[in-house]
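The following briefing concerns the structure shown below. It is arranged by topic.

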Number of protein chains: 2
Amino acid sequence: MPERARKDEGGEFDIIRELFAPLSKGAEGAFNLADDVAQLASSDYVVTKDLMVEGVHFLKSEPLDLVARKLIRVNLSDLAAKGARPVGYFLGCVWPSAAKRQDVELFAKGLAADQELFRIRLYGGDTTKHKIAAGPLTLSATFFGQPPRQGIVRREGAAAGDDLYVTGTIGDAGLGIAALRKAEKFGAAEREVLVRRYQTPEPRLTLGGALPGLASAAIDVSDGLIADAGHLAEIAGLAIEINASGIPRSPAAQAWLSKQEDANTALGRLATFGDDYEILFAAPQARRRAVAMASNVSKTPVARIGLFARGKGVKLLSGDGSEIALYSRGYDHFRS
Amino acid sequence: MPERARKDEGGEFDIIRELFAPLSKGAEGAFNLADDVAQLASSDYVVTKDLMVEGVHFLKSEPLDLVARKLIRVNLSDLAAKGARPVGYFLGCVWPSAAKRQDVELFAKGLAADQELFRIRLYGGDTTKHKIAAGPLTLSATFFGQPPRQGIVRREGAAAGDDLYVTGTIGDAGLGIAALRKAEKFGAAEREVLVRRYQTPEPRLTLGGALPGLASAAIDVSDGLIADAGHLAEIAGLAIEINASGIPRSPAAQAWLSKQEDANTALGRLATFGDDYEILFAAPQARRRAVAMASNVSKTPVARIGLFARGKGVKLLSGDGSEIALYSRGYDHFRS
């Protein structure tokens, strides 16, 4: 287009060569990012794609290395919930037109750190700029991995009577956003923990690797515990009953909860915040010991929080068995 | 996040179920888009990823079915230049928050039309909205295909003395944008041809399929003929000399050219516009007859336009052998 920027030294190609090509080192078939395609060797692959948009999935004020790490982790979380082993990814970045080289450098530094940690590599992608100076940084990643021998764990597959489990703790990321937005107040130590949980979620790859053959269904918690439980319930054609007090909470979330006027409303909020990136899974009751063993071996906390039953929908139950009303069921990008 | 839209009927999940899931019909391992991942059967794969951003790669005024078709075609063009056979794709869409369901419907209709035409399927993806009402529609697609038996045609591989060829005609898409922007005037028939060339480029899959074993290097022309020739030259460590008058032109481009004051400057513009999505490839001189045969069999016009030589850089030569000065070498998203 006439107004397009023009090719020159220091531009898109240098950025790719200098900042991104090093991230493809060791990625066979990535051609050092110097071709238009990558070639993947013959294998089964599990593929997932997640977008992250400034102002929607992260705040403009967040450091770009952490944004990069989150992009990696939310995608790895999808693979973890399926029991897949991550291999690599393709990356698409649309930068604000005001973005500077050091922004891209910081972003690439974050990618490099998590690539090292999770032993994954960059295989290709595309980089461009918005026409607008502040045009929101928009990130798109397509991750691929190898499925487990026993086959991936699907969303569907839960049966009536199956237990519902979740890893880690729920609600921290939502409180972390509230802390960043100054919508809630926390002590410095708690604030740090909560914000870290929001900015750098921990994909549960080790526990995920133990789920095939054990779990009857699984999903990662991104939209919110209740909403994602709803996905499992709907596709199984069943209802889920969740015991609110059994939903695992971090000490920081517990401290927050103890200060809330209405405990049930607060429990409901924790269960609908989203961004937890824990694994929510179903398993037959006969496998309770096997689940406990998988939790031990993978050093990943797992809590049994509910039950699949005939019917439909997700019920969040308080200690006396009454249903807790929910203000929302989770996140939907397509409603306003 | 607190300001997030909330899950509800008629939202993101309905859009996926009603508009996108039908596009995955027959895509084995796509799970009807009802899981977080897709599973691809064991095979070699060639993968490419291209972004398209409103205001950068297409205009807000363009019909969304055509934008969808262009997204498919620019990615297929990458696969075509490598000799790969397209299979399917993953799609990421970030919509303006003001987008309506009928916008998504029109977009999906365009996808469906080209899926049918090119026999490809949707395997997965992600859909979200900008926080901003007019936030630019941002599209990201990851396409995969099967490599040719002889192996893909790489960017590198051209030797000194190799011929340089290009398919189709060059410069039409750039004139099409100029027509849309009213920067240049055309007759109604010419305008239609040029705009169509810009909006729905023709991926050269049939000719591309004949290139493995024939071409020594190939790239598709997206940044502009000169810029993309520059990529082939640089990676080969060679120079390229292009005969400007030999660059194939459509009747509409020829009519435009004949009205320009300085023919050489105008030829230079045609060669740097970009968005042509033709295949630019190198082949040894000994293969001229084989190239002509591939052109005949695939019913794809192929023109021999230049030569690889020792040295570096791309020279555009006029009829008398003098070098034509270029205002720009093509498109770079990372310069302003």
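At 9% relative accessibility, B:His231 counts as buried, a label that applies under 20% relative accessible area, with exposed over 50% and partly exposed in between (1.4 Å probe, protein chains only). The model is predicted: local features need pLDDT of at least 70, side-chain atom pairs count only at pLDDT 80 or more, and totals for chains, interfaces and linings use all residues. Residues are numbered from 1 along each chain as its sequence is written, chains are lettered from A and ligands numbered from 1 in the order in which they are written, and side-chain values use heavy atoms, with hydrogens and water left out.

**Surroundings of B:His231**

- B:His231 belongs to helix H7 (residues 225–236) of chain B; helices (H or I, at least four residues) and strands (E, at least two) are DSSP runs, numbered from the N terminus.
- Its side chain makes a polar contact with the side chain of B:Asp223 (3.3 Å). A polar contact is a pair of N or O atoms within 3.5 Å; within protein, one must be able to donate a hydrogen and the other to accept it, and residues adjacent in sequence count only if both atoms are side-chain atoms.

**Helix H2 of chain B**

- Of the 18 residues of H2(B), 15 are buried, so this helix is largely enclosed by the rest of the structure.
- Just after H2(B), B:Gly83 adopts a positive phi of about 80°.

- An open sheet of eight strands has the order E3(A)-E2(A)-E4(A)-E1(A)-E1(B)-E4(B)-E2(B)-E3(B), with mixed pairing; two strands pair if DSSP finds at least two bridges between them.
- The edges are strand E3 (121–129) of chain A and strand E3 (121–129) of chain B, each with a single partner strand, so one side of each is left without a neighbour in the sheet.
- Strand E2 (residues 85–95) of chain A runs parallel to E3(A) and is joined to it by eight bridges.
- In this region, A:Cys93 stands opposite A:Thr127 in E3(A).

**Surroundings of A:Thr138**

- A:Thr138 is found in strand E4 (residues 138–146) of chain A and is buried, with a relative accessible area of 3%.
- The side chain of A:Thr138 reaches the backbone oxygen of A:Pro136 at 2.8 Å.
- Leaving aside neighbours within four places in sequence, A:Thr138 is in contact with residues including A:Cys93, B:Val94, B:His130 and B:Thr138, where contact means heavy atoms within 4.5 Å.
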